[in-house]
Structure formats: structure tokens, C-alpha cells
Amino acid sequence: MSKRSNAGHDNPGHNKAGYDGAPDAGRRNFLKGATIAGAAALSTPAAANTTVSGFPEQRPKAAIPGPKLAAADAMPPPADPVSQTSSGGDFMVDVFKTLDIDYLAMNCASSFRGLHEAVINHGGNSKPEIITCPHEEIAVHMGQGYAKMEGKPLAMICHGVVGLQHASMAMYNAWCDRVPVIVMGGNIIEANKRAPGAEWPHSAIDPAALTRDFVKWDDQPVSLQHFAESAVRAYKIATTPPMAPVMLSLDAELQENPIENRGALRIPKLTAAIPPQGEEAALAQLAAMLVAAENPVIICDRVARTQGGMPRLVELAETLQCAVIDNFGRMNFPSRHPLNQSFRRSILSQADVILAMEVNDLWGTLSDFHDRIVRSSSPRYKPTAKIVTLGTRGLYMKANYQDFGRYQEVDLDIAGDAEASLPVLIEQVKRRVDEGRKSAFEARGKKLAAAKLATIEQAKSDATIGWDASPITTARLCAELYNQIKDEDWSLVGTSIGLAWPHRLWNFDKAHRWNGLAGGGGVGYTLPSSLGAALANKRHGRLTVAIGGDGDFMFVPSTLWTAAHHKIPLLYIVHNNRAYHQEYMYLQAMAARHGRGITDTDIGTTIKDPFVDYATLAKGFGVYGEGPINDPNDLGPALKRAVAMVKSGQPALLDVVMDQR
Amino acid sequence: MMIRQYATRPGTIRAIAAASVLFAVVGTSGAARAEDPPGDAANGKRLYLADGCFECHGRAGQGGRFNYLTPALAQEALPVDSFIAFLREAPNDMPSFSAAVLSDKDAADIHAFLQSLPGPRPAKDIPLLNQ
């Protein structure tokens, strides 16, 4: 497959590539023409060290040619073309176009220079368009946020070794969050094609091994036809529920060298897999349980994967007039719907049937866990409650990373995509509802609606405490922000504040109002994933906002440069409580437990001395920035200015000095 | 910033409230007594910040979020002796604070500070909370 020079010897001159061991990887074939004898001389250790040893050296004597060298001397020099009319990368771009991949997020790297050039000059930098990211973790997290908002994956590419190591944590978040991202890494498979220096530590036998525990599938194609089939397969696997990232290792030779016979290459047709629907008899059994139940409760997490998900769930809940608890993994259920009881989880103790749909950690949802010296737990549900699961989570698991949570006993486990199963389930429920049950459902719904109203009033009352305080309360910030965006087509695409206040106070009523959380809890998610979601929202004209933590921001601040460079409108509020606050609280608990000092838990948990000036940072990256804002009365005007900036098509950042969360 | 993510657990809050009632009824020996002089709210504020109470309950006593919603403490309703008893053997994820790190006097001062904080006010008076 290779066209890279391989005359049976190391290319001369490569040892000149650098005493620092980091030669320009772009010079692999540059000095092909030097003599073999010269290569032998320069490849000796003495010669290699000349530039750094400082000692005069004796030029080694040329070895007496053996039969092979003599034969090589007698052969004509290898062909050394200086231009080509096609490259494997061109074909790869053709494949991307058939897959309708809009964006290629990346930080440039020589191991995919062939594909990079092809995207620009063969593909016209369109489908995919390059999104330049200062860090691979940013690129993958952008893909995570983008896919959840747009409903399809983007692609990212990186060095298959060092870049993939940067990308890996974000891939883990996407894995835990069940989000498809097409990850690719450059590699040089054939050892004798690698230049000395960087190309060796940047190559691997099996680059994908690093991330195999948290991708759904991977491959390393060795031909262009192989690439086409694997790329289409990868896309299909990634986007079939349960969704997850996939990884392709791309050989540099395959990207760079001419296509031998384009006519012989074929791009397979992508046929999306129909998401699996739960078995009909099982759904009928579930419907009968739900209709007969006195207090059924629906728990949902990553149910809505399309715009149709939320209306279907609403239809089911309204038919039953039953309580819905949202774990907020997706935009599943309207926040102000009378049946939304997400902030009244105590109702689980009264449930006789619990239906959990696409819930990852069901045991955690159904248990009170006590983080004490002796850890203990107790179920939140009564022993007679029947528990039913519906989802794809159990269809694909791996062993090493433990994101699946503790084993939860259930009474009926229906394997199937919840959104795809909802129409049948709704039909089965409706078929069983007679007038008597309908009357009972209405009475139940009225009680739940009254309780919901009380919950909302309680939230408003709670929000008044510390209303004028500085540092500003999270409730005040959220109320001020909502006031500025409520009349726009807004989309909240990230929070690092423990969710509560926006979902307690705001009216989340459309599919794009929310897109879930990090998945794996890996820090550094909120800013880049929000930007990815904003990239998706841009074409729909939505106003994208996010409230990120200061600690989260500090992992990936250069995301702002990508926002400015690509003119992606996003209002990003740094919830600046000047701490890694969750850990601050954990450490306080440790100190209290050990009883030997409780006043120094700010050590290692806070971000002070100095405080970070996030607005100035933003300006340094070319982004509109204001702050630090300390006075709550300054919030409204600042938000108004920032929203105007975002509506003009630019990103904006506000640094708001906050009380905890 | 959050490393671990759990579902909100208002049930825990109820458990704390229930435990509070228990302590209010039973009381414990060694706690400040109702007839003791009122605590020093100014010192209580200093301790509330220095001892990390604000981390979970907010500088204004507005409550917050740990692995679940944490209760508001402004206008704390517990009598001081029950409050201290609660701190000594707190339930669930609430840390317990021994006398070695928080004396009865200091705890009473914190209690006085919490009682000095303004509690909730009518939400209808704040237009931003009615949209």
C-alpha cells in the first residue's frame, strides 16, 4: 500500500533531523537522493552525536561494500516523483461528504497532514468544515455538545498517539453520556516509513487500544476501500442506540499517497439502523401494570434523542396522569409541566409501579446513599413496588470502567430504545384505559398539579433568600439571566452549578432548551461542549447560553479562541465561586470527620491568591468579556449587553462572582 | 464545579429535618441551654465563614447544593440546644462537628448569626421571580 520511499535502507540525512529528537515530520522523503554510503556514515552513533558532543571526531572509514550494497549501487535510483494528482485523503473526504459530516474539529498535526490538505483543497473546506481547536479535549467535547443538539455526529481528528491521549477524557465523557463522536487519529503503520524523531513516538501498533474501553468500535484501515467501509460502519455503529464514540486510526501513507485506481473504489451506502423497539408483549404487560397502578412514577434520563422524544413522553404521562421524574440527561420533559415532579423525589416512596426509561444509574436514583464513615444506603421505594426498565443501556456494556452503577433488581426489563418504544406503549396504555381509570387518573393528575405548583412557589421563595447579597446567589443569577433570554429562542447547553436553579425557575418547553450533562463527570466539559452545541444552534438562529464553573473553565480556557475564530455565538457565564466547590465541600466533611481542624479546607480547593480575571482572559482570546461582576444590581445591564453581542453573532463571556451554588 | 454527580435528594433534607425535630425533643447533655445568654452573631458570622458552613448552606444561609439540595439556614428554626446537638451527630451526608473543633459557645454564636439573617421574603414582590 505504501508509496513512501523504501529502498531497503534508512534515508540518509534523517539524522540531521535534530539533536533534540524532534525533527520536522514533514521531511520524510526530502533527502532521498543522498548516497547510501553517506547514509551508512551518518547513521553511526558517533555521527549522530556530533552536534552535541563538542568533541572533534574522526570521520569513520566507509565499510567495504558487501554483496547487497554492491548490488544496490548497481541499481537505478528509485523513482522520485515530486508531484501527484490525487491523494488518499481526497477519497476520504469524498467518504465524509457522503456521510454528510458537517465539521471536522481538530488541532493540526503532521500524522494527518494528508487528510488536512485534502479537506481544504479537494473538499473546499466544506462538509466537513475544519473547526480549529487549541486542544484535542476541546474538539471531542465540542463534538459531544454538537451531537446532542444537532442529532448527528461531527468528526474530529488528532495525532493517533499524543493527540488521542489529550482527547481521551472527553471521549470517556461522551461514552458515559451515550453520544456519538467520530474520532480519528493519524498514525504511520509501517515502521520503515517513519522518519527519525517525532514520528516514532507518534506512532503505535494499535493506537486505539488507549481508548478501547470507552469506544463502541474501532479500526485501522490498510487500504482506501477498507477505509470507506470502516468509516461508514463506524458512523452507523456510533449512531445506533446505545450511541457512543468510535475510533479510526488513519495511516499517513494512506492519506498522502496517490490513489491508484479511483474507479475501483466504492463508497458503501449508509443505511441507518432502525433503533430497536421493545418487544410488543412486554410493552403490553408494562402498559397493563401502568394502567392498574395507583401511583405509577416514570423516571427518565436519556430518553429524548430526537425532537419527537419529549412530545411522546408527555403523551404517555398525560394519558396516565402520572408523575415524571427527570434525571436531566436530555431534554425529556417540560420543566413546568404539572406532572413534572423532579424536585419531589419523595413520591418514589409511594410508588407502586416505577418505570425507568434510559436510566443509567437506576440504583443510585432509587436509593438514599449515606457518605459516612460506614457507608450505607436504603431504598427510596417500598418493597412491594414493581420496577420496570425500558432502554438500551443493557445492550452494550464493557467491564473496566464502572459507569454502569450498582446492580438494581427489577421486575421487568425491556430491552429497547425508549423513544422508539413509546408509540407502542402509548397505544397499549390507551387501549386499556376505561372510564373508571380515566376518572382516577384525572384525580391523580390534579393532586400532582397542585403539588407542582407548590414546588414552584417554594422555589421562588427559596430564591428570595440572599437576593441582594454579594457574592451573588445562584438563584439571583439564574433569575436575571432568564429575564434577558425568556423572549428569545433560547437554549441552555451547560451548567456546572448542580442543575437545580434553572430547572426550578425556568420554563424548559422545547427540545432544544437543554441537552444534558457531561456523562462521566470529567472536568473541562462545560465550555467546549457548550460551544459545540452553540455551533449546532447557530444555523437554527437560537440564542445559546451556558453557566460554567470557574474550575471547569480553567481546564480549557482556549476554547474561547475557537469561539472567536469561528464566530460562534454563545453567552458563557463563568459562575465564579473561586473554588473547586464540590471538592471544597467534600474536604470540609473529611476535616469535620477527623476532628482535628476545620478552618483550612480552602487549601487545594480554592482558586484565589490570585483571583482569575476571566473577562480579561476572554478579551485576550478575542471574545467580548465583562467582569468581575460583584453587585447583583449590575447583572441585568451586563447580561443585556452580552445578549446583544451574542445576537450579533459573536461569543460573549461574563465573569460573575458567585456564592457557592 | 462538580466531580461526582448524583440525582437531587430532597429526601435527605427531610431526613435532616426529622432528625432536627428529634434533637429538639430529646436534647443532649453538654449543649447550651435555653437560658444561656444569646450567642454573639458577629462572631457567629466569622465562624460560619471560617469553619466552612457557607460552603453547603450559602453565605446568606440560602441553602445550596452538594450531592443533593442542601437546606437553607437563614432564620434557623431549631432552638440553640437542638441546633448544637444536631451538629454533634448530624445525619446523612452532613458532617458532624465535635467539640474539639467547634465549642458549644461557638456553635451558639453560629446559631445567633443564622437567626440574624433575613429569611425568605414574598416572591411576588420580586418581578424577576414571576415570569
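Chain B of this predicted model contains five helices and two strands, where helices (H or I, at least four residues) and strands (E, at least two) are DSSP runs numbered from the N terminus. Read from the N terminus, the elements of chain B follow the order α-α-α-β-β-α-α. Residues are numbered from 1 along each chain as its sequence is written, and chains are lettered from A in the order in which they are written. Local features need pLDDT of at least 70 and side-chain atom pairs count only at pLDDT 80 or more, whereas totals for chains, interfaces and linings use all residues.

Of the 131 residues in chain B, 50% are buried; a residue is buried if 20 or more other C-beta atoms, placed from the backbone, lie within 10 Å of its own. Contacts are counted between residues whose C-beta atoms, placed from the backbone, lie within 7 Å. Among contacts in chain B between residues at least 6 apart in sequence, 73% join residues at least 24 apart.

Between the two chains, 47 residues of chain B are in contact with 55 residues of chain A. On the side of chain B that touches chain A, two or more residues each come from α1 (10-26), α3 (53-57) and β1 (64-65) of chain B. The most is given by α1(B), with four residues. The residues of this side comprise 23 nonpolar, 15 polar and nine charged; Ala, Val, Leu, Ile, Met, Phe, Trp, Tyr, Cys and Pro count as nonpolar, Asp, Glu, Lys and Arg as charged, and the others, Gly among them, as polar.

In chain A, helix α5 (residues 113-121) has buried residues at Gly114(A), Leu115(A), His116(A), Ala118(A) and Val119(A). The buried residues of α5(A) pack against α4 (88-98), β1 (103-106), β2 (129-132), β3 (155-159), β6 (246-251) and α9 (252-256) of chain A.

How values were computed: A residue is buried if 20 or more other C-beta atoms lie within 10 Å of its own, exposed if 12 or fewer, and partly exposed in between; C-beta atoms are placed from the backbone.
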